[in-house]
Amino acid sequence: MLLDKMAAPKTTNPSRGRRVVVIGAGISGLSAAKELLALGYEVIILEKEDRPGGHVAQWHKLFPDMLPTGPVLADLYASLSGVSLQCGVEITSVGRLGDGFNIRLSDGSAILCSAILVATGFRLFEARKKEEYGYGIYDQVMTNRDLERWFSTGDDPRLNDRDIRHVGFVHCVGSRDEKAGNTQCSKVCCITAIKQAIEMKEHYPDADIWCFYMDLRLFGKKYEDFYIHAQRDCGIHFIRGRVSEVSEAIDGRVVVKAEDTLNGRPVRVTLDLLVLMSGMVCNPDVHPLARMLSLGIDSDGFLQSRDNILHLNDSGREGIFYAGAVTGPKTVPESLAEARSAALSIHNYLMSKHD
């Protein structure tokens with residue numbers, strides 16, 4: 001087990017100039033820790049949850065290759081022997097100490113380090129805020145996270161022992177939505193909906209599956225092929241148009257009304273299950289840390305990089321770096337690539353301190 005391989009964090013160490021603290025044990029934090037360890041640094045990972053892995057640990061398969069998440073996480077865990085991991089703790093204060101930092105934790109301990117990597121990730125939009133879609137109101141409405149949990153565990157009363165013949169997916173729930181306070185695209189909602197629709201088709205081969213979208217934004221490698229496979233080989237229906245109304249039928253199913261803007265006609269379907277694709281929003285848990293360290297917060301609520309071209313990993317504050325979805329929506333490959341880049345940026349920074 002990962003926790004068995006990792007030692008508890010230390011509070012004092014004369015070699016703190018070689019110590020880096022990674023805040024967040026999702027895939028970005030784990031990948032960066034792996035690279036920093038290989039570069040010869042002492043690495044401490046701080047995670048407020050009681051287990052590492054972040055959002056990916058709750059996902060069943062990853063698009064577009066439908067790769068199970070287990071091997072991905074296992075590969076990251078296997079490379080972390082020698083990294084210190086502390087789960088279930090929160091940072092209560094961070095202060096400058098010379099050219100480094102003094103981090104105090106909720107368990108009363110303190111850590112001295114020379115650099116900090118913030119990799120606290122994102123949060124999914126709270127679907128209950130979109131009351132018109134019926135999440136938390138109608139029994140047969142769930143979110144993308146709920147569905148992933150069912151794929152992994154096979155346990156959800158909305159699906160267990162039920163004959164599922166009609167399924168709908170609503171894209172952009174809480175994304176590109178001024179009323180919801182998030183005008184940005186979440187980047188991965190379209191492809192996630194396609195992935196989940198294909199998986200539902202595998203579970204229910206005879207089911208009719210509908211995807212209601214604003215625009216399909218399929219920018220990644222093999223994403224367009226994935227979409228074509230969903231249409232051509234799986235028979236999934238794609239309707240361009242926002243859902244205008246969701247209600248409950250007398251038999252407990254949900255009735256969805258939308259407009260097919262490509263064909264210029266209204267659409268009304270009765271579904272056994274409606275899945276809301278909650279988008280990525282900023283993780284508000286990072287905002288207290290941002291205030292402690294005087295970090296910039298961008299207009300979308302994510303942490304603000306020094307710039308969006310050359311210095312995405314750079315906070316603009318000496319010794320503090322970013323990786324992954326803490327600065328905006330990212331795919332898994334993007335998060336892993338940023339983590340490796342951030343590790344190299346930290347290495348270059350610390351080397352420059354000793355020149």
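## Helix pair α2/α8

Helix α2 crosses helix α8 with right-handed sense; right-handed means the near helix is turned clockwise from the far one by less than a right angle. Helices are DSSP runs of H or I, at least four residues, and strands are runs of E, at least two, numbered from the N terminus. The model is predicted: local features need pLDDT of at least 70, side-chain atom pairs count only at pLDDT 80 or more, and totals for chains, interfaces and linings use all residues. Residues are numbered from 1 along each chain as its sequence is written, and side-chain values use heavy atoms, without hydrogens and water.

α2 spans residues 27-38 and α8 residues 332-353; they pack at about 40°, axes 8 Å apart. Axes are lines fitted to C-alpha atoms, for helices over the stretch in contact, and angles run from 0 to 180 degrees between N-to-C directions.

## Contact residues

From α2, the contact includes Ile27, Ser31 and Glu35; from α8, it includes Val332, Leu336 and Arg340. Contact means heavy atoms within 4.5 Å. By class, 8 residues are nonpolar, 3 polar and 2 charged. Nonpolar covers Ala, Val, Leu, Ile, Met, Phe, Trp, Tyr, Cys and Pro; charged covers Asp, Glu, Lys and Arg; the others, Gly among them, are polar.

## Sheet β6-β7-β8

Three strands form an open antiparallel sheet, ordered β6-β7-β8. Its edges are β6 (91-97) and β8 (110-113).

β7 (residues 100-105) joins β8 through 4 bridges; pairing needs at least two by DSSP. Arg104 has Ala110 of β8 as its bridge partner.
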